[in-house]
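Please open the model in a viewer and keep the sequence alongside.

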Number of protein chains: 2
Amino acid sequence: MRVGIIGGGSIGLLFGAYLGQSHEVTVFTRREEQAQKIRDMGISLFFQEAEEKVIETDAAIGESGISDQDILIIAVKQYDLSHLMSMLRSIPKEIPLCFIQNGMGHLEFLNTLPQEEILVAAVEHGAKRLDDRTVSHNGAGQTNVSVYKGNYDMEERFPKSSDPRFPVCFHDDYRTTLINKLMANALINPLTVIFQVKNGRLVDNPYYYELLKLMFEEIYSIFPLGNKEELFNSIVGICKNTKQNTSSMLKDIQEGRKTEIDAILGYILKIAEKKGAKLKAVQMAYVMVKGIEQERR
Amino acid sequence: MRVGIIGGGSIGLLFGAYLGQSHEVTVFTRREEQAQKIRDMGISLFFQEAEEKVIETDAAIGESGISDQDILIIAVKQYDLSHLMSMLRSIPKEIPLCFIQNGMGHLEFLNTLPQEEILVAAVEHGAKRLDDRTVSHNGAGQTNVSVYKGNYDMEERFPKSSDPRFPVCFHDDYRTTLINKLMANALINPLTVIFQVKNGRLVDNPYYYELLKLMFEEIYSIFPLGNKEELFNSIVGICKNTKQNTSSMLKDIQEGRKTEIDAILGYILKIAEKKGAKLKAVQMAYVMVKGIEQERR
């Protein structure tokens, strides 16, 4: 199967490395320099800090060859999607697209696309790009995929990895898939940024735990999907399972990158406002992360 | 005038140094080692990091000589007051006491004391204790004194310094005096702790400024004393005037000491609860500082 991955960041390289073992993968990057390196040397995959293997994949920049793929996985940050929109609109409408952005703010974008089959996915893996062609797979997790639009038969057609460390799970309701991910991101990411701590401290420090709960209550009041207690416990579980991990948003701050705070808490605040609800704790956390982001510039 | 100062921390030494230039000062410390150093070598006063002068004062531990003073200035942290209560109760009721704690939680303590004249003061100075007998006077400010109980004639009787850098101002309404101080402490201290920044960043970073405003609105709703806009501007003014200063609470955190968060935000939350009001932003900030305090232990 010919799999095109748009974006050569940590998640793009991770998908490239795992899917490249049993599919014809092409990674579409922004810089020719990165594409050249991937073409010449393949993607180098580390698993928990020890080098695992090198996977040969193709790479390209721009749009050349993008229409030859059987599926396109779009692995750029949500705030970079807007730059891709006109290119995505020009892709033949028969090619399924799979979006793996955090948050839900991009859903309105997706409605403007001509493609007949659109998937959304939520990635639980912890990954860190070490250089242009090297990715470290730190936190094991899974990829949750749902159909957003069309009649795509996921179980049959979605490209899978032969490696058990890269499981893909299929879900019927895309909202639950995205909201579960949104919830975890909305709680763990901002709090780890505000306190500059690894994920585990949010459940080990009783006051941080109290804040986790406070924000959860507010967000659940807006997205009351699934069993409340189960959902909260699953977030506590993520903190415990990834206790040594630096959250993606804290990594963004540490490395001077823009965070996805607008796609995550900004989105939640927008929905809350539409519903006429005031989420004061979420608002505080949002403004705090914006302030910290500002300090690092 | 014989002035007894209870407490050999930064504020106790600062009062000792300035009042000791024109009064017979005795500093009452907890440790004999510190008392010995002050007796032997006097208090060494730095002004904005350059040594200014050495002021000879007496010093003692425990209660010996405490009843010979014309006034006692109690310069311990609010959370240490409880250890002093039985000793304070045994002091002759004719000796006026002046309390210079942050917050307002100690007012209920004061009602249980037998002394006929009790004063409260709010100190705007920035001071840092460099060692047992050395204090650095960093941020210039003033001391605001009010009568809490009795008929003490402040203008006439309160000990003054001959040094213009240590002005004392008298106010009729002790609540306004303390609340102005409480307000500044409640806003500047927690936010500088959460973001680990100097005071000036709270007005220079637009998001931090937004949080300052958000918390101000909540606190003012509980203590609507004085003109709202003037009060907020005075707090912004403090941030600007002390922009290079590390707030006392951030210093406490950096040096692993307990903070006065309970005396400040804890007190405000208690009053709000009594009034049936929910201060979500204040509560968030309170829990955050408690969490940060917990991390540093």
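Select B:R201 and A:E295: their side chains meet in a salt bridge, at 2.7 Å from N to O. A salt bridge here is a side-chain nitrogen of Lys or Arg within 4 Å of a carboxyl oxygen of Asp or Glu. Across the interface of chain A and chain B, four salt bridges are found.

This is a predicted model, in which local features need pLDDT of at least 70, side-chain atom pairs count only at pLDDT 80 or more, and totals for chains, interfaces and linings use all residues. Residues are numbered from 1 along each chain as its sequence is written, chains are lettered from A in the order in which they are written, and side-chain values use heavy atoms, without hydrogens and water.

Next, display the whole interface. Contact (heavy atoms within 4.5 Å) joins 24 residues of chain A to 24 residues of chain B. About 2,300 Å² is buried between the two chains, 70% of it from carbon and sulfur atoms; buried area is the accessible area (1.4 Å probe) lost on putting two parts together, summed over both. In chain A, colour A:Y207, A:M284 and A:E295, which lose the most area to chain B and together make up 26% of what that side buries.

Then select residues 174-293 of chain A, which an unreviewed UniProt entry annotates as "domain: Ketopantoate reductase C-terminal"; such annotations may be inferred rather than shown by experiment. The end C-alpha atoms of this span lie 30 Å apart, and the span is 77% helix and 0% strand, with helices (H or I, at least four residues) and strands (E, at least two) taken as DSSP runs.
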